[in-house]
Amino acid sequence: MTRSSRQLWHFHGGLKLESNKAISTQSPIVKARLPKRLILPVQQHIGEAGALLVKKGDKVLKGQAITQSTEYVSAPVHASSSGTVIDIDEYPAPHPSGLNTLCVVIETDGEDKWTELQPTHYINTKSPAELRQLIRKAGIVGLGGAAFPTAVKVNPGPQAHIETLIINGAECEPYISCDDMLMREYATELISGCGIIQYMVSATHCLITVEDNKPEAIKAIQAVINEQALHTIEVVSIPTIYPTGGEKQLIKVLTQKEVPSDGFPSDIGLLVQNVGTAVAVHKAIVLGEPLISRIVTVTGEGVKQPQNMEVLIGTSMSELIEQSGGYHDDACKLIMGGPMMGFTLQTDHLPVIKGCNCLLVENTPEETPATMPCIRCGACASVCPAQLLPQQLFWMASSKNFELVQDYHLFDCIECGCCAQVCPSQIPLVQYYRFAKTEIWSQERDRIKSDHARVRHDFRQARLELEKKERAEKLRKKKELLEKKKIAEAAAKNDTPETEIDPKKAAIEAAMKRVQDKKAAKQNNNTSSDE
Amino acid sequence: MQFKTASSPHIPQQNSVQGLMFKVLLAMVPGTIAMIVFFGWGVLINIILASVVALSAEALMLWIRKRPIKPYITDGSAILTACLLVLALPQLAPWWLTVIGTLFAIIVAKHLYGGLGFNPFNPAMVGYIVVIISFPKEMTQWVPPLLEGYTQLTFTETLSIIFGGDLPLAYTWDAITMATPLDTVKTQLGLELSINEIENHKEYGGIFGSVGGFGWEWVNGLFLATGCYLAVKGIIDWRIPAGLIAALLVLSNTFALYDYASFTPPTFHLFSGGIMLAAFFIATDPVTAATTTKGRWLYGAGIGVFIFIIRTWGAYPDGIAFAVILMNMAAPLLDYYTMPRAFGHSWTEFPHHHKTDDDDE
Amino acid sequence: MSILIAIIVLATISVFFGLLLGYTSVKFHVEGDPVVDKIDALLPQTQCGQCTYPGCRPYAEAIAAGEANINQCPPGGETTMLALSELLGVEPIPLDSEHADDPEKTVVYIDEQTCIGCTLCIQACPVDAILGAAKQMHSIIESECTGCNLCIPPCPVDCIHIIPVKIEPETWRWSLPESTDTSPKA
């Protein structure tokens, strides 16, 4: 199995970008210092947040779970070091909104003492389901940036048959080099992780794909493959074209197949995992360590010593910058992720989370030209890897035509930024798409809420109607009773002994009726508040 | 430390509308110089006049529409419109003709439709059509090429003709103007002469040069060369000129093979009149062209077909402006029917297959 | 004579088309379009009455009957107005309310220290989102509150306050880019 023999294909569009990776690959990965405080957001992944397992004042050990998954698509969070929980409250989180989210704050004790770990020495002794459970407990999420719970991803369902496992080491975004460095320095662990995932999904092949601008990484992995004489794992060098690291684009390059828009790679017998995730799987299974650290690229023209760092989750970004020599004076933009898809942060007092692969500091850009109207040049469509019509999407999004924009496949947009990058009119196209997407989601939430409100309103109307009817019925009965009483009274003149008993009986009867009515009303009330 | 926020991508990019326009303008320089060399100063005088008028009209309209003036006035689009219009006009077009054409192009065809990016029709071609329909006589004031035996006007003479409207004493209109090769072919074919007889006519045969008309060959050749450069650099889309030239080539070749006496040869079609200017500089205006790849092939080819039809059977010697405007109208339709298939979708889905109410169920 | 032919031809044609129309109206008869339901489905169901009708459904009925404009729903904002204009095929009408563009979502909250437990708000709530009983403290079930504010006027001690719905990172929305140059404004 030689690398060169493999046939590769192209995806539509894409860009050749200046990679700028070399500035952060000059030195080996540096271990970041143990911080005094760790801020751990309970929600660091796609899906539901887990339930808290600790309270303020609790002592925690390194690797101890502080939340536990209650839903299927979820991942627990672990204490990255030993110490005391000093606060559980809302803190600013790294998110484009800059909003706060629930975090557990741990004051570290400096001992960095591990909780008891349960390594698995022979993976063959465990079933894939058991291994999945271990991965779930270790809180592993996709480390390429999307942060989707890995335990869910490696379980494509009983009917899916995974033929090939693809390990994504493309890392196509400029500046980011954490996967590159990881492949260079953790090639053995990576191969071990690949083997575990391959075993779990019973894939016959495993392809480790690396862009051809990372020759050292390819060499390091190839060396391990040769050394261990592995026949089912292959490293594939692919052309450097952004965004070849996108899951669907990567699959197209390797297999020429297109993942259906409403489907998953498993529908065509494939599973894609990031290299960092594979190493995390190795650590979780072989060493028993949960996901408590990751490699972060600290880079950009605005930071003095660009480098890759192994960072405990929850460490403040400001400390990483400080340990990388600090900012240059002209630093002006802090980006989490790469320059093409990352989002800007307002401050560096934010914790590193599981999905944080890169901290990019940009220095003052030249005066950006003013946004001009679209001149319909079509450059956007020619670079769109999803083969969409960015220009049409832009018109529809800006005119808030949310129905049509979905017909033109807005949700197939991967927000890679190629269109905006080539737009001569400097239109922030991606922001228009993000606006439309979040707006559509919001409308969907509103729709669900209003449907719910309608049901409750209708129920209340029905209840009031019923109560009204009941009241009318009661009134009618009372009147009837009164009538009867009158008749009885009239009759009493003729027959005295009976009249003595009658009013009493009527009073008792009326009282019993009242109780019954009350009961009925109460029941009615109960059912409505149960709703 | 507080940082700036913005949506991705965060890489400063090099493309700009202004950059595109100026590169296109620059690419027009060699062909324009050839025109000045072969057909006199009229071209230059009218270009300067039209540019000044276009910029003033642009500024005025931006001011009226309360839009920022600086970014739009410097984007080069107004000058480009002015140049394209002038290159299509006869060299001795009087000043007011140029002014009316330019004003109509900028004010009506461009700004009344919303300005840059929103005009459905090519402004220069709209301006051209207005003047050719309104002032057919003045639109014949072409000058003979730089050939022995024909009067060559000096700069000052040209200036006084364009602005004064009166001829210098020594000249008559017949002496200083002359029908273009395209025009000549059209009239003479009407008089039942064969192509061969026309091209070798002892009186005017000289203007036909070797392929597309003396002087015109050079003009078209240079526009072709610089246009190809723009296409290679990706500044214009190559499919539009390719489609246009291919369609014109196929049609003219077919008809010339069928009857070489009544139909001009393909080389003449390609190198006479404003074909290369139209193919690489007019039809490629992105605002008014189709946007999809297939759509651009069809758009270019459509212009080629219309040019051939109008040249051969129409009332006008050259039909570029009408062909372009007709295809401008068709551009949205072409775009709609040539939408690409989105990644991971099939050809049978919307928008290719139109949604009906049944699909909603 | 010729006029007679013309009359006969026209009469024949009109009879033919009359029959054709009659036939098609029977053959392709469309059951009464439940347009009121469709309109109601687009309304936010706050039941707030700001449209001057006593609830969302009455407003929907009024629109269907042509008695009300489509721009009378402040909680629905521009989105609802545009959806209605799309559904009914009428021109969009701008909303005159000041928060028309994107109304801020609110819920109410009962200051439990001040509440005297009079149940008046419970009776006013159109979606039964207030929990409580006579002389017991009341409280709002926030997830059920539609933000209609109908409970505020009846409260004798003014203990009900309006609070904006908290925006979480999951519900946060990207804004439309500020640039105005790209829109075709005259």
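The model is predicted: local features need pLDDT of at least 70, side-chain atom pairs count only at pLDDT 80 or more, and totals for chains, interfaces and linings use all residues. Residues are numbered from 1 along each chain as its sequence is written, while chains are lettered from A and ligands numbered from 1 in written order.

Chain A puts 55 residues into the contact and chain B 35 residues (contact: C-beta atoms, placed from the backbone, within 7 Å). Strand 14 of chain A gives the most to the side of chain A that touches chain B, with four residues. Helices (H or I, at least four residues) and strands (E, at least two) are DSSP runs, numbered from the N terminus. The classes below count Ala, Val, Leu, Ile, Met, Phe, Trp, Tyr, Cys and Pro as nonpolar, Asp, Glu, Lys and Arg as charged, and the others, Gly among them, as polar.

| Helix 4 with helix 5, chain A | eight residues | two residues | no residues |

Helix 4 (187-201) and helix 5 (215-228) of chain A pack at about 65°, axes 9 Å apart. Axes are lines fitted to C-alpha atoms over the stretch in contact, and angles run from 0 to 180 degrees between N-to-C directions.

Chain A also has an open antiparallel sheet of four strands, ordered 2-7-6-4. Strands pair if DSSP finds at least two bridges between them. Strand 2 (37-41) and strand 4 (59-60) of chain A are the edges. Two bridges join strand 4 to strand 6 (83-92) of chain A. V60(A) has G83(A) as its bridge partner in strand 6.

Conventions. Contact = placed C-beta atoms within 7 Å.
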